[in-house]
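Below is a short briefing on one protein structure. Please look over the sequence and the model before reading the points.

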Amino acid sequence: MHDTQDLDPNPLTKKQYFVVSSMLFALFFGAGNLIFPIHLGQLSGAQWVTAGLGFLVTSVLLPLLSVLAISVTHSQGVYDVGAPLGRYFALAFMVLIHLTIGPLFGTPRTATVPFTVGFQPMLPSSWSHIGLLLFSALFFGAAFLISYKQSKIMDMLGRVLNPVFFLLLFVVFLLGFFHPMGAAGEQDVTLNYQSAGFFNGFLQGYNTMDALAGLAFGVTVVTAIKQLGKTTPRSNGKVTMKAGFLAMGMIGLIYAALIWLGATTLAQFKVSADGGVAFNQIVTHYLGAAGHALLAVLITVTCLTTAVGLVAAFAQDFHKHFPKVSYHVWLALSCLASFLTANFGLDKIISWSTPMLMFLYPFAMVLIVLSVASPLFKHDPVVYLWTVAFTAIPACLDMVASFPPLVSQSAFGQALGDFQQSLLPLASFGLDWLLPAVIGAALGLVVHFLRPVFAGRTNTSSDQ
């Protein structure tokens, strides 16, 4: 039973709201949030606005909705968001989300990106492997120490690391705006973005993993706000919503600036292999050799804040559902596994993550929307069931299509691909799950609203 009164009934001060928003910003803004918008700007060129709008849907709107989903449903983590579909589904969904944004893909990327972009260019090529090994060991050692005491997470992220990041990023933006490399609206557009810029930008937003992270960070956010005295679900949710709007609004502005900045680089450079290379080119262009040092500090700070949030959320949620293992042991396991995965390198991590993201994102998106809208249908599990059931097959097909050629170009993979492209609308845009999900939701709502009518008629017949 929930408490009926807050531990501290006084409203939060503006400073406290700022600290919570700053923490949310730091949790969300990490490795992919720097490199993917810049790369999108290079790919889209003159179409950067159209592609940017699609990117903002999945990288800003969806994460904001995930925070609102936690608030509306009074959830304390990703498990609660999937709970209407039963304990086993919720547990499986939680584990898959945490493994994806955690030690398998997301968390290792927080170490490999700053090393690859900021430090590797300053090292001889023969030192790359040992350099990554030492850097990732120090990186995850620091993440473990910061996360060890849960009560210190908000202070470390909101008060210390985040302002440093803001200062460094502001310097880069200032140079880009006052001395642009070229006009973004006049640059070449790659083939995929000439006719489907919005949809390709939408899919690029998957790479940030922020919608998944928003669900997983819920437990960290709720715990931090409770420490400020807002212990009831209603007031805790209200603070979460206000802080979420402020944090995600700021992230959206930064994304737009990074996408524009990436487009301007085409006047000086060719489209790079990834946004990390492009960002390195930007700071080197403006600051010369000193740019490498600035970039290394900038990207390490922002990635460390995200790593802290990821390993802490992983340990908190797994300790809650598997309590025989302590928080600190789960934390150590998360950091150790992330360290091991990081040493496979950035390219392999990104390529391995794509099939899992194509599978998980449709489920995450429908569950986020259903959670936000759940008061309209009284959280009825039947609506969840129909929607998720209709989403499952397209999500599986998207996963197979995004596997490496060994699978996707096999006879089995091509047969599934032909079926997908011929029968499912929007399959060529990677959105073939959308229409089935809408149909499933509509059927679920029909069952929800008609069930009382049929129940009433059955009771009337029985009485007669």
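A residue is called buried when its relative accessible area is under 20%, exposed when over 50%, and partly exposed in between, using a 1.4 Å probe and protein chains only. This is a predicted model, in which local features need pLDDT of at least 70 and side-chain atom pairs count only at pLDDT 80 or more, while totals for chains, interfaces and linings use all residues. Residues are numbered from 1 along each chain as its sequence is written, and side-chain values use heavy atoms, with hydrogens and water left out.

**Two domains**

- The protein is divided into domain 1 (14-343) and domain 2 (347-451), with bounds that come from an automatic or database domain assignment.
- Taken over C-alpha atoms, the centres of domain 1 and domain 2 are 24 Å apart.
- The contact (heavy atoms within 4.5 Å) takes 36 residues from domain 1 and 27 residues from domain 2.
- Between them, domain 1 and domain 2 bury about 2,900 Å², and 85% of this lies on carbon and sulfur atoms. Buried area is the accessible area (1.4 Å probe) that two parts lose on being put together, summed over both.
- On the domain 1 side, Leu-85, Phe-105 and Tyr-206 lose the most area to domain 2, together 22% of what that side buries.

**Two buried residues**

- Ser-353 is located in helix H17 (residues 346-373); helices here are DSSP runs of H or I with at least four residues, numbered from the N terminus.
- Ser-353 counts as buried because its relative accessible area is 2%.
- Leaving aside residues up to four places away in sequence, Ser-353 touches Phe-105 and Met-209.
- Phe-135 belongs to helix H7 (residues 128-147), and Phe-135 is counted as buried because its relative accessibility is 13%.
- Not counting residues up to four places away in sequence, Phe-135 touches Ala-111, Pro-114, Phe-115, Phe-119 and Thr-300.
- From C-alpha to C-alpha, Phe-135 and Asn-343 are 9.9 Å apart in space, although 208 residues apart in sequence.

**Helix H20**

- Helix H20 (residues 411-423) has 13 residues and reaches 18 Å from its first C-alpha to its last, close to the 18 Å expected at 1.5 Å a residue. The expected span is 1.5 Å times one less than the number of residues.
- Which residues of H20 are buried? They are Gly-413, Gly-417 and Gln-420.
- Seen down the axis of H20, these buried residues fall within an arc of 65°, so they line one face of the helix. The arc is that of the directions from the helix axis to the C-beta atoms.
- Helix H18 (381-401) and helix H19 (405-408) are among what covers the buried residues of H20.
- Ala-411, Phe-412, Asp-418, Ser-422 and Leu-423 are exposed on the face of H20 turned away from its buried side.

**Helix H14**

- In helix H14 (residues 275-287), the buried residues include Phe-279, Ile-282, Val-283 and Tyr-286.
- Just after H14, Gly-288 takes a positive phi of about 65°.

**Salt bridges**

- The structure holds one salt bridge, meaning a side-chain nitrogen of Lys or Arg within 4 Å of a carboxyl oxygen of Asp or Glu.
- Asp-380 and Arg-451 form a salt bridge, with their closest N and O atoms 2.4 Å apart.
- This pair links distant parts of the chain: Asp-380 is in the loop between H17 and H18, Arg-451 is in helix H21 (residues 434-463), and they are 71 residues apart.
- Asp-380 is buried, with a relative accessible area of 9%, whereas Arg-451 is partly exposed at 41% relative accessibility.
- Between domain 1 and domain 2, the count of salt bridges is zero.
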